Amino acid sequence: MNPVEKARIRDVTQMHRLINYFADKGDMLARSLSEIYENIRDYFVVRQGERLIACAALRVSWSDLAEIKSLAVAEDSQEQGIGARLVEAPLREAREPGIPTVFCLTYKPGFFEQCGLSQIDKMELPRKVWAECYRCPKFPNCDEVALIYHLETGA
Ligand SMILES: CC(C)(COP(=O)(O)OP(=O)(O)OC[C@H]1O[C@@H](n2cnc3c(N)ncnc32)[C@H](O)[C@@H]1OP(=O)(O)O)[C@@H](O)C(=O)NCCC(=O)NCCS
């Protein structure tokens, strides 16, 4: 099984290609190269030899909240449990500094529910988390679903 590891600088161009492939299909928000470089320490990856097959990021939003972002698994590597392992890694990392709650905004709520997150009304999220929404092509008609995971209770 290819391990989930922290991203390295040499992964960035492949992460950029993978994320924007799915962004072009409307599955997720696009990321620029500079954005990925700036936030490289947020990212986890799965590699198969030299090829990057999946990535995800954990971004701390506030004192009690972090977000799982930019989760993408290459089409030929999906449905093998890689996405689920890429959700577990940021959940584990969020525990270390004592962040109690992790959320995501997604068009794939069924997948995140399989990973143990629960749907909430997105208006319950603090206004701070909407900072980058103006860049979304769908803004202001957001149809993403919000899900949340409480690390203390595991639900
Ligand atoms: C969504 C995505 C990350 C799932 O990754 P994956 O590696 O195929 O998922 P896994 O194999 O780990 O699936 C884990 C479980 O979720 C289920 N699942 C996977 N995709 C699902 C979906 N779209 N809806 C509902 N359930 C889903 C699987 O059947 C599996 O269930 P099981 O444990 O009962 O077998 C992947 O399809 C992807 O990268 N899609 C394109 C980008 C995207 O939409 N990213 C999410 C945006 S935030």
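# A friendly note on this predicted model

1. Let's begin with Glu35, whose side chain sits in a polar contact of 2.9 Å with the side chain of Arg31. (A polar contact is a pair of N or O atoms within 3.5 Å; within protein, one must be able to donate a hydrogen and the other to accept it, and residues adjacent in sequence count only if both atoms are side-chain atoms.) A polar atom of the Glu35 side chain also lies 3.1 Å from the backbone nitrogen of Ser32. Before going on, please keep in mind that this is a predicted model, in which local features need pLDDT of at least 70 and side-chain atom pairs count only at pLDDT 80 or more, while totals for chains, interfaces and linings use all residues. Residues are numbered from 1 along each chain as its sequence is written, and side-chain values use heavy atoms, with hydrogens and water left out.

2. Where is Glu35 found? Look in helix α2, residues 33-38. (Helices, H or I with at least four residues, and strands, E with at least two, are DSSP runs numbered from the N terminus.) Is Glu35 buried or exposed? Glu35 counts as buried because its relative accessible area is 15%. (Buried means under 20% relative accessible area, exposed over 50%, and partly exposed in between, with a 1.4 Å probe and protein chains only.) Leaving aside neighbours within four places in sequence, Glu35 is in contact with Ala30, Glu132 and Arg135, where contact means heavy atoms within 4.5 Å. Val12 is 23 residues away from Glu35 along the chain, and the C-alpha atoms of the two are separated by 10 Å.

3. Next, please find the largest nonpolar core, which has 25 residues. (A nonpolar core is a set of buried Ala, Val, Leu, Ile, Met, Phe, Trp, Tyr and Cys residues joined through side-chain atoms within 4.5 Å.) Leu86, Val87 and Leu117 have the most contacts inside this core. Two or more residues each come from β2 (43-48), β3 (51-62), β4 (65-73), α3 (82-95), β5 (101-106) and β7 (145-150). Helix α3 gives the largest share, six residues. Apart from this core lies another, of 17 residues, including Met15, Cys55, Ala57 and Ala74.

4. Setting aside neighbours within four places in sequence, Leu117 is in contact with Val87, Cys104, Phe112, Leu147, Ile148 and Tyr149.

5. Strand β5 deserves a slow look. How many of its six residues are buried? Six of the six are, and β5 is mostly covered. Thr101, Phe103 and Leu105 point one way from the strand, while Val102, Cys104 and Thr106 point the other way.

6. What are the partners of β5? Strand β4 runs parallel to β5, and three bridges join them. (Two strands pair if DSSP finds at least two bridges between them.) The chain gets from β4 to β5 through α3, and this β-α-β crossover is right-handed; that is, with the strands pointing away from the viewer, the path from the first strand over the helix to the second runs clockwise. Strand β7 runs antiparallel to β5, with six bridges between the two. In this pairing, Leu105 stands opposite Ala146 in β7.

7. Glu67 lies in strand β4 and stands opposite Phe103 in β5. Glu67 counts as buried because its relative accessibility is 10%. The side chains of Glu67 and Lys69 are joined by a polar contact of 3.2 Å. Leaving aside neighbours within four places in sequence, Glu67 touches Ala57, Leu58, Arg59, Ser61, Phe103 and Leu105.

8. Two residues are worth checking for their backbone angles. Most residues other than glycine have a negative phi. Ser70, in strand β4, has a positive phi near 50°. Glu79, in the loop between β4 and α3, also has a positive phi, of about 60°.

9. Finally, turn to the ligand. How many residues surround the ligand? There are 18, and the closest are Val73, Glu79, Gly83, Ala84 and Lys108; a residue is near a molecule or strand if one of its heavy atoms lies within 4 Å of it. A backbone N or O atom of Leu71 lies 2.8 Å from a nitrogen atom of the ligand. For oxygen atoms of the ligand, a backbone N or O atom of Gly81 lies 2.8 Å from one, and a backbone N or O atom of Gln80 lies 3.2 Å from one.
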